[in-house]
Amino acid sequence: ALEDYGPAIVDFTSALETGGPDVALLIARGSARFYNDENSAALADFDLAIALDPENPEAFYYRGLVHTEYDDNHKAVVDFAQAIALDADYADAFYYRARNLAAMGRFEEAINDFTKAIELNPFDGWAFVGRGEAFMDLGRHERAILDFEQMIVVDPQEPTGYARRADAQMELQRPEEALRDIETALQFDPEAADLHVQRGILMLEKGHYAEADANFDKALKLD
């Protein structure tokens with residue numbers, strides 16, 4: 001179950017009403033509102049925090065997250081860029097700017113930002129996944145596999161690394177390798193509908209029609 005940030009929001013609001021505008025409290029309440037799916041209210045908090053302290057990188061970072069949630073990639077990139085300008089070692093800002101750049105089709109720039117995020121935090125497996133996906137979008141599947149393997153090294157029980165490597169193996173016409181990765185991913189997440197779809201496709205290609213149908217049926221029940 002998702003955490004309920006309502007009590008924290010109430011407390012932050014009470015503190016703001018008592019003490020007046022405070023940048024740290026506005027960012028705290030805004031982030032609680034964001035994680036509570038109150039994006040419009042969160043945006044208002046971050047706007048006010050930035051108006052009070054335009055040199056605060058955290059305010060720009062969190063406002064960028066709200067824009068990301070709204071799929072407003074351009075505004076998100078601008079905010080993350082400002083956060084980075086104020087804090088050149090802000091690994092998460094590089095990561096999310098990369099995500100938004102990739103969503104805009106600016107894959108080379110995204111790769112550069114994912115690389116910077118990895119340099120700042122080499123244990124962030126998701127930055128390796130993001131960079132690998134950007135390489136996939138550029139058709140560089142062998143290079144993508146190296147990044148997906150790094151995710152597996154960082155978090156060997158996370159199915160995403162295996163699933164994304166399977167995608168790359170399928171693009172490279174290596175169905176047996178892809179199937180092994182899907183089987184491993186399913187061990188860690190047997191309820192993932194997309195993994196059953198992938199396995200079904202591979203079973204079809206092998207001519208195992210009954211097994212393929214079983215996987216597609218399972219995916220439909222889980223979706």
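**Charged side chains in a predicted model**

Let me begin with D37, which is exposed at a relative accessible area of 57%, where exposed means over 50%, buried under 20% and partly exposed in between, with a 1.4 Å probe and protein chains only. This is a predicted model, in which local features need pLDDT of at least 70 and side-chain atom pairs count only at pLDDT 80 or more, while totals for chains, interfaces and linings use all residues. Residues are numbered from 1 along each chain as its sequence is written, and side-chain values use heavy atoms, with hydrogens and water left out.

D37 sits in the loop between α2 (23-35) and α3 (39-52), the helices being DSSP runs of H or I with at least four residues, numbered from the N terminus.

Turning to salt bridges, defined as a side-chain nitrogen of Lys or Arg within 4 Å of a carboxyl oxygen of Asp or Glu, the count comes to 17. One of them pairs D45 with R29 at 2.7 Å, N to O, and it links helix α3, which holds D45, to helix α2, which holds R29, across 16 residues. D45 is buried, with a relative accessible area of 3%, and R29 is likewise buried, at 12%.

A further salt bridge joins D113 and R97 at 2.5 Å, N to O; here D113 belongs to helix α7 (residues 107-120) and R97 to helix α6 (residues 91-103), and both residues are buried.

Finally, R99 and E133 form a salt bridge whose closest N and O atoms are 3.0 Å apart. Because R99 lies in helix α6 and E133 in helix α8 (residues 125-137), this pair ties together parts 34 residues apart in sequence.

Key. Helices (H or I, at least four residues) and strands (E, at least two) are DSSP runs, numbered from the N terminus.
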